Amino acid sequence: MKIIDILEKRNMSLSFEVFPPKKESNFDSVKSATEKIAALHPAFMSVTYGAGGGTSSYTLEIAKNIRDKYDVPTLAHLTCVSSSKQTVAERISEMKSMGIDNVMALRGDLTPELEKSDPSTWDYRHAIELVRELKEAGDFCVGAACYPEVHPDSVNQREDLIHLKEKVDAGADFLTTQMVFDNNLFFNFMYKIREMGVTVPIIPGIMPITNANQVDRAIKLSGSFMPQRFKSLVDYFGNDPDAMKQAGIAYATDQIIDLYANGITNIHVYSMNKPDIAETIMNNLSDILGKDFL
Ligand code: FAD
């Protein structure tokens, strides 16, 4: 099933993101965690592509396994900036032969080696090139990334939004945001991009922070703004792992309910291969999920 068809439905739904193992020895435990999440039957699951392509072969294997065993639609991520045209062509052909037809087209982060090298020698500079290639290569439903708090490589939001519009015009069928901890930032962003004429569905990404150590890492990776309300919660409960987990899940659930109540029907949860967190969030929303309130 194509992700765009799921997004166009009016019922409230959740999707979950999982990541593949970094080493082969972790494959079985990651596979089992992703299967437990799939058994909850979210609207779809996305499987990330290791930074620099490190765990690339497992992405497709995990995506196919979830879809075949649990009938949960999957979205396979693919990055391009660290890859050659040939590698990307090989991945696309593997996807076709595995029947994977939902792809998240990403640039990937610039590695220190790439940053030192001459960009004119790279096969890819931006995700838009991958979006175009996927659209030319077959009947793929293509997602792309967007940044309510501006991508760190952009000089300003206007530039970032102009390039985002180009990416959508090149064929991106939907957008998923970088994690946001303050829904107002998401609503402001939606307003701006709708004003620019971007009409595709935009899925907000919510990251449940369930231990205090995650906070610094999440801010460093995403550059996301942490509201004072959230900081207070970490200050107060951060030293008690069980309390922090419960409070972090409650915060994420509250964000999700606020998004639903403002007409956003699908929300993507960065579930970090944690079935218990995915399950608790789904249970918290059990009388909301699946219903059409519009
Ligand atoms: P782009 O769309 O290429 O944008 C990157 C920067 O370039 C932006 O500043 C943009 O404004 C600018 N830009 C875009 N087009 C042009 C142009 N034509 N000319 C000049 N400037 C331009 N990383 C992984 O390694 N694996 C994953 O699985 C993964 N999944 C992700 C999922 C989501 C939902 C998100 C939000 C991010 C994900 N990332 C992943 C991280 C992502 O790869 C990085 O944020 C990366 O730095 C940018 O990728 P992009 O696809 O947004 O790039």
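Select Met45 first: its bridge partner is Thr74, in strand β3. The model is predicted, so local features need pLDDT of at least 70, side-chain atom pairs count only at pLDDT 80 or more, and totals for chains, interfaces and linings use all residues. Residues are numbered from 1 along each chain as its sequence is written, and side-chain values use heavy atoms, leaving out hydrogens and water.

**The barrel**

Strands here are DSSP runs of E with at least two residues, helices are runs of H or I with at least four, and both are numbered from the N terminus. Two strands pair if DSSP finds at least two bridges between them. In general, strands of a sheet pair through backbone hydrogen bonds, either parallel or antiparallel.

Now show the whole set of strands. Eight of them close into a barrel with parallel pairing, in the order β1-β2-β3-β4-β5-β6-β7-β8. From one strand to the next the twist averages 30°.

Next, select residues 85-98, helix α4, which lies across β3 and β4 (102-106) and runs at about 170° to β3. Axes are lines fitted to C-alpha atoms, for helices over the stretch in contact (heavy atoms within 4.5 Å), and angles run from 0 to 180 degrees between N-to-C directions.

**Gly248**

Move to helix α11, residues 241-261, and pick out Gly248. Is Gly248 buried or exposed? Gly248 is buried, at 2% relative accessibility; buried means under 20% relative accessible area, exposed over 50%, and partly exposed in between (1.4 Å probe, protein chains only). Leaving aside residues up to four places away in sequence, Gly248 touches Ile209 and Leu233.

**Aromatic rings**

Rings of Phe, Tyr and Trp (its six-membered ring) pair if their centres lie within 6.5 Å; planes under 30 degrees apart count as stacked, over 60 as edge-to-face and the rest as tilted. This rule gives five aromatic pairs. Select Phe186 and Phe187: their ring centres are 5.9 Å apart and their planes stand at 65°, so the pair is edge-to-face. Phe186 is buried, at 0%, while Phe187 is partly exposed, at 22%.

Tyr236 and Phe237 also form an edge-to-face pair, with 5.4 Å from centre to centre and 80° between the planes. Tyr236 is exposed, at 69%, and Phe237 is partly exposed, at 32%.

Finish with Phe181, Phe230 and Tyr251, which form one aromatic cluster.
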